[in-house]
Amino acid sequence: MKFIQISSKLFTGNVILIIAGLIYFTVYLIFFPSFYASIDEHEYIRNSFLLRRGTLIEKDITQACTGKYNGEGYVSQYFIGRSIFLIPFTYFGLFGIMFSGLVIHFLNFFLFSLILNKLGRDKIYSILYLLYPSYLLVSRAISSELLVLTGLLLSTYFYISDNRKSWILAGFAFGLTLLARYDAAILIAAFFFATTITNRKKLSFLALGFIGPLVIILTLNQIFYGGLASTGYGNPTRFFINIITNSYFLHNLVTYVFVLSLVYPLLIYSPLFESKLRLELILVIIFTLIFWSGNSWPSLFISGGLSAIGVFRYVIPLTGLLMISYSSFSETIFNSLKRYKNSLRILMVGFLFAIMVYGSYIHYNFINERYSVFQQIYNNTEIGSLIIGSSDDCNYFLNDIFEKRAYLDVNTTNIEDYMDGYSSVYIID
């Protein structure tokens, strides 16, 4: 009888998570993002097509939106992990590409439930991950932060095990995470540093698994950026120099702490209620806030809107890990409410779903405006014509999925030399 009761409880929890996922999926389809919004997304998509051809180098300047010339062609500064993940989706056109963000979000949702189950906690609190407002925009976009979180959640799942094989797998997953963003090293360092205090034997197995992906990354740096420690963003040491020299460090730190205490109340303090990963999560908070407080600019916070959201996406990997401790914190709070527990949980989830629907609607309208501009450009220009623009106008040109156009930035050196051979030349005003 006891076994039946336990099985029934687990089944009920699984059903609730499936229902929550189906609702999220339905809302996503209703307000499906018809286009992408930023240069970052454009570059992730373009790189995925380049990788399909076995390269990261674009030799034709009229097809290179951004990038540094490395002697052979133009190499984008953007990390390749998101582009690698995107490759299978590119075979389904723009729809498949825009659908990929939801796949990552659901994959993280699944990994998060596995972690809670492994820690012996109620999987129902995985909904806290699913409905965290900051994940709404990035799950509807081609961004790298949620994929960083995928790597960290997978790493954490193996990390909390008590056997050597799992620790090696954790180290390997940590290494792969760097492909999505090199700054993920800040969070990974927190885990490695914690093990030097709690379990040095574990550290050696983490390092063993970490070596393989690290060699791959250093090799890619050497081939495409000209040095083992070189990146598309330049020498990484400058990011640590910024921590010391950024005069807005304290302002940024206070802003991050305030927001991380507000969206989910007391989220940033939840590691104090965590037993299994307390030291790791506290170090993750410290390392992340120090790094991004030194590498953020207050104008982006003050301007509000999508610019502010764009800054807070940098700490998405942090918030995803904090959801682990926040589940324990939330469970403690709700259990103390006794007979009001279920009613308040339903009310909270309903409120979060309402925010998700409204946010999806707002983003849907914003994306449609971008798509409308795209349609105007292509309806008023011919296939094979040259378009001259500025700022982020190159965002609208991807010959692998759209009708062929050539694009040049108005500030291109000797732009006249590239205009020969085009019967039609247009300038975006």
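Arginine 405 is buried, at 1% relative accessibility. Buried here means under 20% relative accessible area, exposed means over 50%, and partly exposed is in between, with a 1.4 Å probe and protein chains only. The side chain of arginine 405 meets that of glutamate 403 in a salt bridge, 3.4 Å from N to O. By salt bridge I mean a side-chain nitrogen of Lys or Arg within 4 Å of a carboxyl oxygen of Asp or Glu. Glutamate 403 is partly exposed, at 44%.

A word on the source. This is a predicted model, where local features need pLDDT of at least 70, side-chain atom pairs count only at pLDDT 80 or more, and totals for chains, interfaces and linings use all residues. Residues are numbered from 1 along each chain as its sequence is written, and side-chain values use heavy atoms, without hydrogens and water.

How many salt bridges does the whole structure hold? The search finds 10. Take glutamate 145 and arginine 181, paired at 3.3 Å, N to O. Glutamate 145 lies in helix H7 (residues 145-159) and arginine 181 in the loop between H8 (164-180) and H9 (185-198), so this pair ties together parts 36 residues apart in sequence. Helices are DSSP runs of H or I with at least four residues, strands are E runs of at least two, and both are numbered from the N terminus. Glutamate 145 and arginine 181 are both buried. They also belong to a network of salt bridges, linked with Asp40, Asp183 and Arg313.

Next pair: arginine 370 and aspartate 392, with closest N and O atoms 3.4 Å apart. Arginine 370 sits in helix H17, aspartate 392 in the loop between strands S4 (386-389) and S5 (406-409), 22 residues apart. Arginine 370 counts as buried at 19%. Aspartate 392 is partly exposed at 27%.

Now helix H16, residues 316-336. Its 21 residues reach 29 Å from first C-alpha to last, close to the expected 30 Å. That expectation is 1.5 Å times one less than the number of residues. Is H16 enclosed or open? Of its 21 residues, 16 are buried, so H16 is largely enclosed by the rest of the structure. H16 bends by about 35° at isoleucine 324. The bend is the angle between axes fitted to the seven residues ending there and the seven starting there. Lysine 338 follows H16, with a positive phi near 55°.

Last, leucine 347. This residue lies in H17 (residues 341-379). Leucine 347 is exposed, at 58% relative accessible area.
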